[in-house]
Structures are given as structure tokens and as C-alpha cells.
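Hi,

Here is the structure I said I would pass on.

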Amino acid sequence: MTLVRVEDATFSYPDGTRALDGVTLEITRGEFVALIGQNGSGKTTLSKCLAGLLRPTRGRVVVDGIDTASKGVMKDLVRRIGYVFQNPDHQLFNARVYDEIGYGPKNLGVPEAERDAIIREVAAVTGLHPDLFGEHPFFLSKGLRQRVAIAATLAVRPQVIVVDEPTTGQDYRQSIDVMDFLVRLRVERGHTIVIVTHEMPIVAAYAERVVALRGGRILMDGAAREVFSRPDVLAETFVKPPQATRLAHAWARNGVRGDALTVDELVDAMRAALAARDGPPAGRLEAGAAHPPQEAGDV
Ligand SMILES: Nc1ncnc2c1ncn2[C@@H]1O[C@H](COP(=O)(O)OP(=O)(O)OP(=O)(O)O)[C@@H](O)[C@H]1O
Ligand SMILES: [Mg+2]
């Protein structure tokens with residue numbers, strides 16, 4: 001079922017910069033979508049339009065039947081779609097972490113006891129210890145501020161969660177934690193997740209669907225495997241596929257399946273190719289204990 005529909009949306013900033021140019025997109029309930037593209041390609045503008053923070057200059061965005069340009073719909077929209085800013089400092093303004101997380105529910109009139117339970121729950125799932133509740137967000141690390149921003153968005157329990165650069169300020173382990181957490185939200189609670197990221201290994205490991213933007217237009221929209229198997233088209237976005245995918249491509253002429261997304265998949269594909277050539281080679285290639293994204297630094 002379509003939850004978010006973007007119809008021929010164009011957006012120009014007041015200075016005349018056209019950041020989106022005729023974007024049409026549908027997001028289905030429960031999808032995990034990654035928006036990719038080089039700096040300035042329109043990812044943030046599109047994600048803000050999805051959340052109703054910006055309204056398209058032309059065309060429209062409809063979230064769960066609500067046109068984001070209609071008057072007085074913000075309260076209904078925040079329950080449906082939440083947006084975590086690329087820079088958490090654009091989002092955080094309360095003097096205590098506790099109040100920051102509870103701000104949305106308070107605004108929606110959630111009673112104090114229930115609010116407290118929600119705050120504690122989302123803090124627990126985002127890895128924010130209650131010892132931090134009294135702290136000023138300003139004095140936390142960027143990674144922790146990002147978690148507070150995510151927790152504050154989750155506290156409203158929106159159906160769709162849009163996170164602009166979820167791994168900002170996080171080290172490798174924390175990036176995996178945040179992504180695993182978003183996956184859990186989707187699997188256990190049925191949230192729809194949209195991330196904006198430059199980290200292709202993260203996209204390969206977590207996103208089912210990839211929307212690649214260039215110059216405010218959609219260049220490709222499809223399954224991650226499909227999009228990454230078109231390095232020629234992807235090159236136009238100046239985004240390189242993950243290293244595992246690039247290696248798989250390079251090996252494709254030796255009979256290796258060319259569409260691996262992760263190192264684990266590449267190893268399996270190489271094993272299969274060797275087995276087809278030589279028969280089962282018992283331990284020729286060892287996968288090792290691999291984590292999903294193998295190349296967190298590779299963009
Ligand atoms: N407030 C603004 N006023 C004018 N132009 C803007 C504004 N914000 C963004 N732009 C321009 O709109 C275009 C799209 O920007 P946007 O921030 O959506 O890109 P992005 O893909 O999110 O980039 P990045 O990867 O750097 O975050 C760019 O040309 C950018 O310079
Ligand atoms: Mg951006």
C-alpha cells in the first residue's frame with residue numbers, strides 16, 4: 001500500500017536554486033529506502049518535502065492521504081512522518097535531553113506519566129542512558145546528539161521515519177547500531193524507513209530500494225542490487241558502488257556472479273565460481289566472521 005506519494009514535485013529555494021525538478025516517487029508501507037547522490041543533488045530537499053517541512057513549488061506530496069500543502073495538517077503529519085535533520089543541531093533546542101525527547105509527545109498532549117514511559121522506552125532503544133536525561137544536548141558528542149534527535153523523532157511514533165545521514169558523527173560500531181536499530185523498527189514495529197546517506201556499504205547492507213538523484217531529478221530507482229549493477233549509470237551521480245560490488249564486477253568475466261552487495265556475498269559468489277570450475281574445493285576461500293558493511297570508510 002502506498003504511504004507516501006510524490007507527484008511531479010519541483011522545488012526552488014527563494015534565491016532561485018532549483019533543487020528538485022519533476023520528481024515522482026511512491027513509497028510503500030514498510031519499505032526501507034535509501035536516497036543517494038552527490039552533494040547538492042537534492043536529497044535533503046526531497047526528504048524535507050516528504051516530511052512536509054518544505055512544500056513543493058510545483059506538484060505535490062501526499063502522505064497517508066494528506067496533501068502536505070493543505071492548511072492545518074502539521075499535527076496530523078507529525079504522527080505520520082518524522083524527520084531527523086542532517087545536522088542534529090538544527091533540531092535540538094531544549095535545555096535537557098529528557099525535555100527534548102518528550103517535546104513532541106508533550107505538544108501532542110500526551111499525559112505526563114505516559115510521556116515518561118515513552119521517553120524511557122525510546123531512550124533505551126537508542127542507547128541513551130537515563131544518566132544523560134538532565135544533560136544539555138549542546139554538551140553531548142555529535143554522535144549522542146544524533147541519537148537524541150532520533151529518539152525525539154521516535155517519541156512521536158511516526159509511521160515513516162526519514163533520517164538524513166543517520167551515521168553522522170557515529171563511529172563504525174555506532175553506525176551499525178543505529179542502522180540495526182532502524183531495521184528493528186521496521187521489522188518489529190512496521191515503520192517505513194527512508195535514509196539519506198553517502199555511505200554505500202551501509203546502503204548495500206541495509207536498504208532494499210535505492211533512489212539515486214542527480215541535479216534534482218531521479219536517475220535510478222530500484223532494488224539495491226539492480227542499481228549497483230549499473231555502475232555506468234551510477235557514475236553519473238558520482239557515486240561509486242560498494243567495494244564488494246566493484247570487485248564482483250571485475251571478476252564477472254571469470255564466471256563470478258557480478259551482483260554481490262557485501263563481502264560475504266562476494267565470497268559466496270567466488271566459491272560458487274570455483275566449485276563450478278574445479279569441483280568443491282573444501283576451504284579454498286574462507287569467509288571469516290564478516291559484519292554486514294565491510295567497508296565503512298568507502299564512499
Ligand atoms: N536554503 C537554501 N537556499 C538556497 N539553495 C539551497 C538551500 N539549501 C540547499 N540549496 C541548494 O539546493 C540544491 C540541493 O541541495 P540539498 O541540500 O537538497 O542537496 P543534498 O543532496 O542533500 O546535498 P548534501 O549531500 O551536501 O547534503 C543544492 O544546489 C544546494 O546548494
Ligand atoms: Mg543533504
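Below is what turned up when I went through it. Keep in mind that this is a predicted model.

**The ligand**

Around ligand 1 there are 13 residues, and the closest are Tyr13, Ala19, Asn39, Thr44 and Thr45. Helix 1 (residues 43–50) gives the largest share of that shell, with 3 residues. Sorted by class, the shell has 9 polar, 2 charged and 2 nonpolar residues.

**Helix 6**

Helix 6 covers residues 172–189, which is 18 residues. At 1.5 Å a residue it should span 26 Å, and its end C-alpha atoms are 25 Å apart, so the two agree. Which of its residues are buried? Those are Ser175, Val178, Met179 and Leu182. They take up an arc of only 90 degrees around the axis, which means that they sit on the same side of helix 6.

What do the buried residues of helix 6 pack against? Their partners are strand 7 (160–164), strand 8 (192–196) and helix 7 (200–206). On the face turned away from the buried side you will find the exposed residues Arg173, Arg184, Val187, Glu188 and Arg189.

**Two domains**

The protein chain is split into domain 1 (2–237) and domain 2 (243–278). Their C-alpha centres are 33 Å apart. Domain 1 puts 7 residues into the contact and domain 2 puts in 6. On the domain 1 side, helix 7 and helix 8 (224–228) each supply at least two of the residues that touch domain 2. The largest share of that side, 3 residues, comes from helix 8. By class, the domain 1 residues touching domain 2 are 5 nonpolar, 1 polar and 1 charged.

Aspartate 8 has a phi of about 45 degrees, and glutamate 165 has one of about 60 degrees. Aspartate 8 belongs to strand 1 (residues 2–12), while glutamate 165 is in the loop between strand 7 and helix 6. Are they buried or exposed? Aspartate 8 is partly exposed, because it has 13 other C-beta atoms within 10 Å. Glutamate 165 is buried, because 21 other C-beta atoms lie within 10 Å.

Cheers

Key: Residues are numbered from 1 along each chain as its sequence is written. Chains are lettered from A and ligands numbered from 1 in the order in which they are written. This is a predicted model: local features need pLDDT of at least 70, side-chain atom pairs count only at pLDDT 80 or more; totals for chains, interfaces and linings use all residues. A residue is near a molecule or strand if its C-beta atom, placed from the backbone, lies within 6 Å of it. Helices (H or I, at least four residues) and strands (E, at least two) are DSSP runs, numbered from the N terminus. Ala, Val, Leu, Ile, Met, Phe, Trp, Tyr, Cys and Pro count as nonpolar, Asp, Glu, Lys and Arg as charged, and the others, Gly among them, as polar. The expected span of a helix is 1.5 Å times one less than its number of residues. A residue is buried if 20 or more other C-beta atoms lie within 10 Å of its own, exposed if 12 or fewer, and partly exposed in between; C-beta atoms are placed from the backbone. The arc is that of the directions from the helix axis to the C-beta atoms. Two residues are in contact if their C-beta atoms, placed from the backbone, lie within 7 Å. Domain bounds come from an automatic or database domain assignment.
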